[in-house]
Amino acid sequence: MTLIANIIIALFILVGVFFTVVTVVGVLRLPDVYTRAHAASKSATLGVLGILIGVFLHFWWIKGHFSIQLLLGSVFLFITSPVGGHLMSRAAYMSGVKPTELTVGDDLQEAIGEQKSREED
Amino acid sequence: MAFQILLNFFIAITWVLITASFTPSTFVIGYIIGLLLLVLTRRFYNERLYFGQLWSCLKLTLIFFKELILSNISVAMLVLKPKLELQPMIFAMPTVLEEDWQITLLASLITLTPGTIVIHVSDDQRTLYVHAIDVDDVEEAINSIKQTFEKAILEVSRT
C-alpha cells in the first residue's frame, strides 16, 4: 500500500519538476517577451501544481496529516498566475515592445492605431 | 442560486430541530430532504435548480484541467524540439460574453490553455486580443475556444 502511494507521489513530483524544467528551457530558448510569457505562465503553473499536490499527498497518506494550506496554495496559484502572465505581456505591448520577426499578423496594432487616430480627430 | 442554497440550508436546520438530534448526519438527511423538496417545487423559482448550475461548474473545471494538461504537453513539445518552429500571431477574437466576471474567467482560461495568451481586452469588451504561439489556422483556434470555454461559461450563467 505504501509502495503504491509512494509511486503516485513520486509521479506527481516528477511531472511537476519536468514542467518546471520545461519552463526554464522555454524562457531561455523562445525569441520574445510574448512567447516567453507562454512558457512562464503555463508550464510553471502546472509544474508548481504537480509539486504541491505531490507534497500534499505525501503528508496525507504517509504522515497522516491533512494539510489544507497546500490545497489553498494551489487554488491561489491558479487564480493569480494567468493574471500575472496577462499583465506582463500587456504592459510589454503597451510600452511598445515589438513581437519577434516570425510574427505573422498583429490585429491589436491596427486596433490601437485606429483608436489613436480617432482621439486625435 | 444563492436563494435556493439558503432555502435548502433552512430546510435542513428545520429538520434538525424537528428531530431534535443535533448531529451532522441528521443535517445531511435534512439537506437531502431539502433537495427533494426543491425539485418538487421547482416551477416556483425564476432560476433553474442550483445543482444544475453546480454541475455545469464542475464540467467547466474538468474541461479546464483537460485543456491545461494538453496545453502544457504542446508547450513542452514546442520548447524541447531541436528546431524552433514558431509562427506567433496576435489575433482579434470576438466574444458574446457580457458580464465582467465572465470575461475575466474567459481570459484566465484562455491564458492557461493551448498556445494562447490574452494581451488586451478592447474598451467595449466585445473583442479579446489573443497572442497565439503557433497559428496554423486562426479561425480554428477561435472556434475551439468558443466551442469549449465560451459555451461552458454561458452554460454556467444560464438561469
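1. Helices are DSSP runs of H or I with at least four residues, strands are runs of E with at least two, and both are numbered from the N terminus. On those terms, chain A has 4 helices and 0 strands. From the N terminus on, its elements run α-α-α-α. Chain A is more spread out than a compact globule, because its radius of gyration is 20 Å, well over the 14 Å that the globule rule gives for 121 residues. That radius is taken over C-alpha atoms, and the rule is 2.2 Å times the number of residues to the power 0.38.

2. A word on the basis. This is a predicted model, in which local features need pLDDT of at least 70 and side-chain atom pairs count only at pLDDT 80 or more, while totals for chains, interfaces and linings use all residues. Residues are numbered from 1 along each chain as its sequence is written, chains are lettered from A and ligands numbered from 1 in the order in which they are written, and side-chain values use heavy atoms, with hydrogens and water left out.

3. The extent of chain A comes next. Along the principal axes, the C-alpha atoms of chain A fill a box of roughly 70 × 30 × 15 Å. Of the contacts in chain A with a separation of 6 or more, 63% join residues 24 or more positions apart. A contact means heavy atoms within 4.5 Å.

4. Now burial. Of the 121 residues in chain A, 36% are buried. Buried means under 20% relative accessible area, exposed over 50%, and partly exposed in between (1.4 Å probe, protein chains only).

5. Aromatic rings deserve a look. Over all chains, the structure holds 14 aromatic pairs. Rings of Phe, Tyr and Trp (its six-membered ring) pair if their centres lie within 6.5 Å; planes under 30 degrees apart count as stacked, over 60 as edge-to-face and the rest as tilted. One tilted pair is A:Phe56 with A:Trp60, at 5.7 Å centre to centre and 35° between the planes. Both lie in helix H2 (residues 33-62) of chain A, 4 residues apart, about one turn of the helix. A:Phe56 is buried at 6% relative accessible area, whereas A:Trp60 is partly exposed at 37%.

6. B:Phe9 is partly exposed, at 37% relative accessible area.
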